[in-house]
Amino acid sequence: MTARTNTRSNSKVSLSASQRWFAWLTLHRDCAVDALRRLWQQPASSAMTLAVIAIALLLPALLYVTGKNLSQFDSSLAQANLVTAYLQADTNADTVSELQQRLANHERVSDTRYISPEQAAADFAEWSGLGDVVDTLAENPLPASVVVQLADTRFETAEQLQALLSDEPAVAFVQMDQAWLQRLDSFLNLTRRAVLALIAVLSLAVLFITGNSIRTSIASREAEIRVMNLIGATRAFMARPFLYTGLWYGLLGGALAWLMLALLMLILRGPASQLLAYYGAQYQLLGMGVTASAVLLGGSAALGWLGARLSVSRHFSKF
Amino acid sequence: MIRFDDVSKRYPGGHEALKQVSFELEKGEMAFLTGRSGAGKSTLLKLIMLTEELNQGQILVSGRNINRLPARQVPYYRRRIGVVFQDHQLLFDRSVFDNVMLPLQIEGYDRYEAARRVRAALDKVGLLDKEKLNPITLSGGEQQRVGIARAVVNRPQILLADEPTGNLDPELAAEIMVLFEQFNQVGVCMLIASHDLSLITRLKHRMLTLEQGRLIKDEHQPSRRGTAP
């Protein structure tokens, strides 16, 4: 018993809790720096691994940016998301304002606008360039209409409003462009799914790449691990350098992917803004943004760490 | 300090390395473990270090049954035992100083305290002036002394050595043994496996002799008793 207390007082020396904590922090810092130094010492193989990780991460990042730029159009299309109700010829003004009032109270309607037959004729004349023809007509053939602006781009909302308006006695005919709504909706869904699936598959790839690189570095430091195991290193202590190596692989790979994407955006900026100018001044080429960049770097660092962890738990079993 | 009760070890494949071995080493005692190669000396040391598991019996170290030690306690147990290997097991990717530092690093020592202890250990083995060198540039005897410094740097209560002089010429081997005796004099319990009978019979310590896995002789200070006036 005395022997044990002796040993314990031996190993704990006279260090206070804060000194131990400081020593622990120093150990981690040294470990991280050492892992980075080792990557630097084998530039060729490190660069290869980092490039593969970066390319694997670049693909979903690229798709994400594409989706983000497309959704600019989505939100502006929502502005043009209209249902038009053509009214019966004999509808009076009271009925119209009462209908508009009820529509305005509907939760999925953001705005309504009345277009009188005269306005419709003027619009048609301007839009079609057939003003003279319209003027020769004895009577205005165009009906009055109420244009309903929907609050979202969901297909169900448009359908719901169509059903509602068809039941109105004052409404003669309801028109909406269902097909493009449906198509846009499913296209955006598809992009989102594709991004998620790509992230899943390529995350797995990053895991395997780091795992494999860590396996080689474990093999090259086998003597060291063997000795440390014999003189009483815990598994956590022996694993730590490799976990930091994995963390660096992930973080640096993520940073490289980010740089590659930034470079790509720089190259595309000129032609893209030319193209976007045709669609209106409000459009511009969007980059990753701060949040997505943070997710990319944090996620890739976590993946690198996890890959190293899996590799360590697999290859440490022989020690 | 170390007690074997009826310990047997059979390797997978059927080879019986140790058969019902029992002995006890007191605190601060120094003993040699001898016998031909294959007699079971290394196996016995490996059982104490918990790098091999026994099949029968029990081993008590400081009164504690080490075979019941949970796996996560094993590293902490090993830190209390210094080990010197025949092939010294030094790492050639770092300096002499860093090699000796390793056990202290593992224990999470403050680096100034650690450096002080490393220098003290290197001083004791007479290699203080070589701390910055890579161990690969040292002679066999010096390498072994670095290995000894590493084994004693965190002041273990027990020191095990497996053929520590196996690769050394007689003169250097004798020097290493003198070093071991010095550690023993400050109270470290030592068990040294060696087949170099001519060397160890000259030193007056207890001698455990293994033959085909059996402990056939346990002579307490044989020479001293024989030459007593």
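Two strands pair if DSSP finds at least two bridges between them. Strands themselves are DSSP runs (E, at least two residues), helices are runs of H or I with at least four, and both are numbered from the N terminus. Keep that in mind for chain B, where B:Met207 has B:Glu219 in E10(B) as its bridge partner.

Some ground rules. This is a predicted model, where local features need pLDDT of at least 70 and side-chain atom pairs count only at pLDDT 80 or more, while totals for chains, interfaces and linings use all residues. Residues are numbered from 1 along each chain as its sequence is written, and chains are lettered from A and ligands numbered from 1 in the order in which they are written.

Back to that strand pair. E9(B) and strand E10 (residues 214–219) of chain B are antiparallel, with five bridges. They make a hairpin with two residues between the strands. In the turn, B:Gln212 has a positive phi of about 45°. E9(B) also pairs with strand E3 (residues 30–34) of chain B. That pairing is parallel, with four bridges. There, B:Ala31 is opposite B:Arg206 of E9(B).

Chain B has an open sheet too. Four strands, order E2-E1-E4-E5, antiparallel pairing. Which strands stand at the edges? Strand E2 (16–25) and strand E5 (64–65) of chain B do. Each has a single partner strand, so one side of each has no neighbour in the sheet. Strand E1 (residues 2–10) of chain B runs antiparallel to E2(B), and six bridges join them. B:Ile2 is bridged to B:Leu25 in E2(B).

Now the helices of chain B. Two packed helices are described by the angle between their axes and the distance between the axes. Axes here are lines fitted to C-alpha atoms, for helices over the stretch in contact, and angles run from 0 to 180 degrees between N-to-C directions.

Take helix H3 (residues 96–107) and helix H5 (residues 140–152) of chain B. Their axes are 7 Å apart, at an angle of about 30°. That makes H3(B) roughly parallel to H5(B). The cut-offs: under 35 degrees is roughly parallel, over 145 roughly antiparallel, 65 to 115 roughly perpendicular, and the rest oblique. The crossing is right-handed.

Who meets whom? From H3(B) come B:Val96, B:Asn99, B:Val100, B:Leu102 and B:Pro103, and from H5(B) come B:Val146, B:Ala149 and B:Arg150. Contact means C-beta atoms, placed from the backbone, within 7 Å.

H3(B) has another partner, helix H4 (residues 111–124) of chain B. Their axes come within 9 Å and cross at roughly 120°. That makes H3(B) oblique to H4(B). This crossing is right-handed. B:Phe97, B:Val100, B:Met101 and B:Leu104 of H3(B) meet B:Ala114, B:Arg117, B:Val118, B:Ala121 and B:Leu122 of H4(B). That contact has eight nonpolar residues, no polar and one charged. Note B:Val100: it touches H5(B) and H4(B).

On to chain A. It is divided into domain 1 (30–73 + 185–318) and domain 2 (82–177). Those bounds come from an automatic or database domain assignment. The domain centres, over C-alpha atoms, are 53 Å apart.

Chain A has an open sheet of four strands, order E2-E3-E1-E4, with antiparallel pairing. Strand E2 (109–115) and strand E4 (171–176) are at its edges. The average twist from one strand to the next is 20°. Strand E1 (residues 82–87) and strand E3 (residues 145–150) of chain A share five bridges. A:Ala85 is opposite A:Val146 of E3(A). Helix H4 (residues 93–105) of chain A lies across E1, E2 and E3, at about 165° to E2(A). Helix H7 (residues 155–166) of chain A lies across E1, E3 and E4, at about 170° to E4(A).

Last, where do the chains meet? The contact takes 25 residues from chain A and 25 from chain B. On the chain A side, helix H1 (2–12), helix H2 (17–41) and helix H9 (222–230) each supply at least two residues. That side has 14 nonpolar, eight polar and three charged residues.

Terms used:
Two residues are in contact if their C-beta atoms, placed from the backbone, lie within 7 Å. Ala, Val, Leu, Ile, Met, Phe, Trp, Tyr, Cys and Pro count as nonpolar, Asp, Glu, Lys and Arg as charged, and the others, Gly among them, as polar. A crossing is left-handed if the near helix is turned anticlockwise from the far one by less than a right angle, and right-handed if clockwise.
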